[in-house]
Amino acid sequence: MDKIKEIDIPKDARVLVISDIHGEIGLFKELLKKVNFNSEDYLIINGDICEKGRNSKETVKYIMELAQLNPRVQVIEGNCEALVGELLAENPLLIKYLMTRRYCLFNEWLADAGFPLKEQSGIREVKEILIEHFSQEIEWLSSLPTAIEADQYIFVHAGLEDLADWRETDRDKAISIPSFLEKSHQADKFAVVGHWPVVNYSKDIPSDNPIIDQEKKIISIDGGNRVKDKGQLNALIIQRTAEEDLFSYTYVDDSPGCRVVKDSSETFDMKGAILYPDYDIIPLEEDEHFTLCRQPGKDKLLYVKNEYILQKENGACSVKSDVSCSLMNVSTGDAVSVLDDSCSGYALIKKDGEIGWVTKKVLPAVVLAN
């Protein structure tokens, strides 16, 4: 890894770490407001500020200006920012990538430059146009470090290789290692990563909240924003003190919110989830709202909402996306996000970052009407 930046963070500082913004400038600003971000805070943007979301152009511009104005704002590269390297290297496969992406930084830039991208467009021509109009942004993105090292932390987008010297981690792996929390590293510091949505690690009630593994010294914070259709944008909050650092977190999402109007305490055990990439199921017993299912090669039985089950042409079944198989208990006044109210009898909600089903009678009618 060639681009490693070292920074000093005072013992009394507050550090905010946000990753995988993915072009959602509105959510990013909302999250900064929610945590009361100010110029005294240290803000670490842990990669993937662009791609997949609805406004990569403004997100890149805003964060670049934020970092230029305040040296306490630090940004590292993710695999999405690495696309700039492919552009500068004139990788012809980039044209195919751009043609298949609805939301993409380069496509937004090309539209601003008045250039209609076509399959026969040459990569060199695209490169020259983008450099002509967005040279400052391209230079800034290409200069981002792959990792930032502080006294107790290594901030890196995806992870570190399990090497005696973590600095020998291959750059491509640092920005693209999958499921890093299931692996290990030998650095004597916390590795703070994004890239892999934390919900993929869920064993019980699916959760998009950051995971802090003290034993492995890994903190995984990607809430699945714009990657999971029910994801969120997380902020890890590190309050530094002379004795020890204190961890907390918060999040925002763009699902409609409401307050629960009636208590609900389900009495039977219904927990678990079906998550990427294991979507195949074997239905066993269908009820009015849920079907008891088993996943191939697994013993645990799960209740899957009927509307989420897909019948394949070969007769096999799968779910149409990540889906919670958990019922949630709620109390009057609880703040929740309504993720899916289109199913019969039950609505899918998020409470405190956890996702599950509740009967629709506990939610206000005005939310269900929307």
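**Figure 1. The lining of the largest cavity in this predicted model, sorted by residue class**. Of the residues around the largest cavity, six are nonpolar, one is polar and five are charged. The volume of the largest cavity is about 120 Å³, and the count of cavities of 30 Å³ or more comes to one. Rolling a probe the size of a water molecule over the atoms shows where such empty space is left.

**Figure 2. The largest pocket and the residues that line it**. This pocket has a volume of about 370 Å³, and 19 residues form its lining, with Ser202, Lys203, Ala273, Leu275 and Lys298 lying nearest its centre. When the lining of the largest pocket is divided by class, eight residues are nonpolar, five are polar and six are charged.

Figure 3. The lining of the second largest pocket consists of five nonpolar, five polar and seven charged residues.

**Figure 4. The packing of helix 5 against helix 6**. Helix 5, which covers residues 105-112, packs against helix 6, residues 123-142, at an angle of about 120°, and the axes of the two helices are 10 Å apart. Because of this angle, helix 5 is oblique to helix 6, and the crossing in which helix 5 passes helix 6 is right-handed. From helix 5, the residues Leu105, Phe106, Trp109, Leu110 and Asp112 meet Val126, Ile129, Leu130, Phe134, Glu137, Ile138 and Leu141 of helix 6. This contact is made up of 10 nonpolar residues and two charged ones, with no polar residue.

**Figure 5. The packing of helix 1 against helix 2**. Helix 1 (residues 25-34) and helix 2 (residues 56-69) pack at an angle of about 35°, and their axes lie 9 Å apart. Helix 1 contributes Ile25, Phe28, Lys29 and Leu32 to the contact, while helix 2 contributes Glu58, Thr59, Tyr62, Ile63 and Leu66. Six of these residues are nonpolar, one is polar and two are charged.

Conventions
Residues are numbered from 1 along each chain as its sequence is written. This is a predicted model: local features need pLDDT of at least 70, side-chain atom pairs count only at pLDDT 80 or more; totals for chains, interfaces and linings use all residues. Side-chain values use heavy atoms; hydrogens and water are left out. Axes are lines fitted to C-alpha atoms, for helices over the stretch in contact, and angles run from 0 to 180 degrees between N-to-C directions. Helices (H or I, at least four residues) and strands (E, at least two) are DSSP runs, numbered from the N terminus. Angles under 35 degrees count as roughly parallel, over 145 as roughly antiparallel, 65 to 115 as roughly perpendicular and the rest as oblique. A crossing is left-handed if the near helix is turned anticlockwise from the far one by less than a right angle, and right-handed if clockwise. Contact means heavy atoms within 4.5 Å. Ala, Val, Leu, Ile, Met, Phe, Trp, Tyr, Cys and Pro count as nonpolar, Asp, Glu, Lys and Arg as charged, and the others, Gly among them, as polar. On a 1 Å grid over the protein atoms alone, a cavity is a set of points where a 1.4 Å probe fits but cannot get out, and a pocket is an open set with protein on both sides within 12 Å along at least five of seven lines; lining residues have an atom within 4 Å of a point. Grid points are joined across faces, edges and corners, and a volume is the space filled by probe spheres set on the points.
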